[in-house]
Amino acid sequence: MKINAITNTNFKGLFTDRTKENNGNWRMEYRPYSWETPKANKVQIDIFSPTLPDNEEIYINEPNLKISKDIFGTKSYIKDTTYGLDILRIDITDMPSMNLEESLKVKDKKLTMFLKMKQDEMKKLKSALDDRMPNIEQVSKAHYTYANDIDEPWGFHTFSVSDRAQGVRQNFRKMEQIAKENAQDFKKYIKLSESSDAVRRTKDEIFEELIKIEEAKSTGLLIDISRRDIQACNEPLHKALQNIEKAKGKLVALSNGIITIDEIIKAVGKDFNIHKAIDFVEKLMQKKI
């Protein structure tokens, strides 16, 4: 099934730069994920991690500027030291949260970018490993040239004793250094490969959830209580549970995932009532995604 694009939005991630629409005056808006309560602090991206922070940061230094960007390149923090000025642009306007469907689509886009970062880094590591191969072959050959000269009979040596010793030591150290660098880069490559697989699994899970949400929405079987920053946020579920038989088969979008009405009924048990059902899903939404 085709997953439709997010509608009625013109942002790519959590941060949106509205400076142009604000007559050139700095305006940065932040629209949190549905599960993001409270608003997440900025966390520096770890390219080796299998997960991406909700409020990820790529921090870079440029001449006279210190810039904090998200994975899409949206600048959310600028410290300008040009001409001795010290202007800290960090004021963020908090906006209403996304619902679960919007949140999952944005998260998926971010994970796609995260995968690309990992793949680019893996290409660099592979290139570095490939570049070292001719060097280690050359150094190894030089090492054994000096080492083999030791076994030559007296009068047939190509190098002096001191030159042989120095040649063996120097080339051994070079081989040792190359081997260490190769081992370090290979470990990094493995970490990137394994964490990439974990990211792909997360993307698969997101895709499956989006398909279920899309199907339920298109058939009128979706109950969306994923936005927790609005009044009476549980009202759609409360209303649906007034008629249990009619509610069966419907899908509930929580702030941090999806669950069916049937699963809620089963979890609450034989003493089922609306209060216990609402309390159950409230507790589910307190868990980290």
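In this predicted model, the side chain of K203 makes a polar contact with the side chain of D108, at 2.8 Å. K203 sits in helix α2, which spans residues 161-218. With a relative accessibility of 17%, K203 falls under the 20% cut-off and therefore counts as buried. Once neighbours within four places in sequence are set aside, the contacts of K203 are with D108, L111, T112 and L115. So much for K203; a look at the whole chain comes next.

The protein has 6 helices and 11 strands. Of its 289 residues, 37% are buried. Taking contacts between residues at least 6 apart in sequence, 62% of them join residues at least 24 apart.

Now to the pair α5 and α6. Two packed helices are described by the angle between their axes and the distance between those axes. Here, the axes of α5 (residues 261-268) and α6 (residues 274-284) come within 10 Å and cross at roughly 105°. That angle lies in the 65 to 115 degree range, so α5 counts as roughly perpendicular to α6. On the α5 side, the contact is made by I264, A267 and V268, and these meet K276, A277, F280 and V281 of α6. Sorted by type, the residues of this contact come out as 6 nonpolar, 1 charged and no polar.

What about burial within α5? The buried residues there are I261, I264, I265 and V268. Viewed down the axis of α5, they fall within an arc of 100°, so they line one face of the helix. The partners they pack against are quite a list: β9 (222-224), α3, α4 (244-247), β10 (251-253), β11 and α6.

Helix α6 gets its own N-terminal cap from N273, which has a side-chain oxygen 3.1 Å from the backbone nitrogen of H275. Further along, I274, A277, I278, V281 and L284 are the buried residues of α6. They cover an arc of only 120° around the axis, which means they are on the same side of α6. As for what they pack against, the buried residues of α6 have α3 (235-240), β11 (258-260) and α5 as partners.

Notes
Residues numbered from 1 in each chain as written. Predicted model: local features only at pLDDT ≥ 70, side-chain atom pairs only at ≥ 80, totals over all residues. Heavy atoms only, no water. Axes fitted to C-alpha atoms, helices over the stretch in contact; angles between N-to-C directions. Helix = DSSP H or I, 4+ residues; strand = E, 2+ residues; numbered from the N terminus. Parallel < 35°, antiparallel > 145°, perpendicular 65-115°, else oblique. Contact = heavy atoms within 4.5 Å. Nonpolar A, V, L, I, M, F, W, Y, C, P; charged D, E, K, R; others polar. Buried < 20%, exposed > 50% of the residue type's maximum accessible area, 1.4 Å probe, protein only. Arc of directions from axis to C-beta. Polar contact = N/O pair within 3.5 Å; in protein donor to acceptor, adjacent residues only side chain to side chain.
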